[in-house]
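Here are my notes on the pockets and on one strand. Please read them with the model open.

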Amino acid sequence: MRINWPSGINETSFLQDYWQKRPLLIRQAFNDLPEIISPEELAGMALEPEIESRVISNYQSPMNWQLSTGPFEEAFFSQLPEDHWTLLVQDVDKYIPEAKNFLKQFNFVPSWRVDDLMVSYAVDQGSVGPHTDSYDVFLIQLQGNRLWQISDESYSKDDLLPDSEVKVLCNFKHQHEWLLTPGDMLYLPPDIAHWGVAQGECLTGSVGFLAPSASEIFSAWADHVVQEISDSERFSESDLSNKASPFEISASDISKAEKIIAGLIKENSGSMRRSFGELISQSKSHLEIISGAENYNPEQHPKQGVSYCHHPYLRMFYTVDENNTVLLFANGETLQLDAGEQAYAQYLCENDQIDFDDLQQWMDNEKNKSCFTMLLDSGCLEILEKTDENS
């Protein structure tokens with residue numbers, strides 16, 4: 001299965017001409033789309049406490065949007081009306097293998113940018129209202145039909161419906177309207193206002209992309225730098241002079257403070273590589289990876305006849321610094337490998353299943369062996385299968 005790009009468009013031209021620039025409708029993007037999940041299975045996921053789910057409705061009146069958050073009881077769904085509500089379930093790819101495999105169709109975008117596959121089930125006229133997202137999104141029609149209205153206008157927080165549980169735009173005006181049928185896909189850049197309404201029952205997949213905010217990036221970097229700064233490094237002013245008032249904070253004082261920050265940025269530019277890698281590899285707070293399995297010795301692995309796999313919640317990426325040192329980021333932690341070990345890091349990241357025979361070429365290196373042990377002990381890697389011989 002692969003994306004059927006429109007004539008004249010491929011992955012390269014899409015990234016150049018559309019990514020974060022303008023919407024793109026792709027008719028029959030997937031003409032062999034498998035059934036990723038059924039509405040019944042989706043509702044079943046919404047009953048689980050560890051899964052993020054919500055129901056948005058406006059059946060009481062067009063501008064009276066109601067939000068209910070999971071986990072839900074089975075009786076909740078039986079009480080809902082026949083129209084004007086939507087069930088949304090996040091991180092379906094963490095639990096459904098078909099959903100995880102589906103995300104591989106978007107590997108032309110860096111994997112660290114992929115957040116999750118959200119799936120929504122809507123009854124007739126079900127919707128989450130007109131809104132904008134702060135991230136890129138691919139909307140894939142899995143079952144049924146959904147009508148999408150797209151606006152070219154700019155909206156801000158001032159345009160949101162006041163005192164509403166759901167962030168919807170109160171004066172939405174659209175310039176484009178498309179009916180998506182199964183297999184169709186719509187790409188939307190950040191901040192493009194859109195409104196999707198189910199035409200009968202429908203199932204829609206939403207591939208969302210991680211976009212850390214400037215404050216998150218700076219805060220993660222600052223936390224790293226603070227740990228390295230000595231308290232002996234302080235504000236100083238050997239050129240102190242009389243001021244009009246002892247209570248005045250002068251422009252010179254502010255300038256010196258700014259130079260301290262500028263100096264920290266210059267001296268700690270390398271910290272950005274680690275802090276950014278740890279930030280984007282950190283799993284969501286409710287998707288906790290539990291340390292190591294019981295009744296096994298991680299130092300005895302990898303073992304002949306044993307295969308391993310990524311924990312379903314694992315986010316793992318790597319980078320190579322200016323000294324050719326390889327940094328592997330897994331679940332918000334940094335593991336440092338020797339220079340030239342990029343192939344090992346790449347293998348660990350790219351393969352959901354990790355086999356003993358493949359690993360052997362890297363296990364003579366002590367850091368590589370230690371890295372594997374730490375990934376296994378932390379729960380980032382799990383034992384997929386063990387033979388009786390290795391039990």
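1. Terms. Helices (H or I, at least four residues) and strands (E, at least two) are DSSP runs, numbered from the N terminus. On a 1 Å grid over the protein atoms alone, a pocket is an open set of points where a 1.4 Å probe fits, with protein on both sides within 12 Å along at least five of seven lines; lining residues have an atom within 4 Å of a point.

2. Basis. This is a predicted model, where local features need pLDDT of at least 70 and side-chain atom pairs pLDDT 80 or more, while totals for chains, interfaces and linings use all residues. Residues are numbered from 1 along each chain as its sequence is written, and side-chain values use heavy atoms, without hydrogens and water.

3. Largest pocket. Its volume is about 1,200 Å³. A volume here is the space filled by probe spheres set on the grid points, which are joined across faces, edges and corners. The lining has 42 residues. Nearest the centre lie Arg54, His131, Thr132, Asp133 and Tyr135. Strands S2 (53-57), S4 (85-89), S5 (114-122), S6 (137-150) and S9 (194-209) each give two or more residues to this lining. S9 gives the most, with seven.

4. The largest pocket's lining splits into 17 nonpolar, 15 polar and 10 charged residues. Ala, Val, Leu, Ile, Met, Phe, Trp, Tyr, Cys and Pro count as nonpolar; Asp, Glu, Lys and Arg count as charged; the others, Gly among them, are polar.

5. Second largest pocket. The volume is about 920 Å³. Of its 30 lining residues, Ser111, Trp112, Met316, Phe317 and Cys349 are the closest to the centre. Helices H4 (97-103), H7 (271-281) and H8 (342-350) give two or more residues each, as do strands S5 and S11 (316-320). By class, the lining has 14 nonpolar, seven polar and nine charged residues.

6. Strand S6. Why is S6 largely enclosed by the rest of the structure? Because 10 of its 14 residues are buried. Buried means under 20% relative accessible area (1.4 Å probe, protein chains only).

7. Partners of S6. Two strands pair if DSSP finds at least two bridges between them. S6 and S9 run antiparallel and are joined by 12 bridges. There, glutamine 149 has tryptophan 195 of S9 as its bridge partner. S6 also pairs with S7 (residues 176-180), antiparallel, over five bridges; tryptophan 148 stands opposite tryptophan 178 in S7. With S8 (residues 185-188), S6 pairs in the antiparallel sense over four bridges. Phenylalanine 138 stands opposite tyrosine 187 in S8.

Technical notes. Buried means under 20% relative accessible area, exposed over 50%, partly exposed in between (1.4 Å probe, protein chains only).
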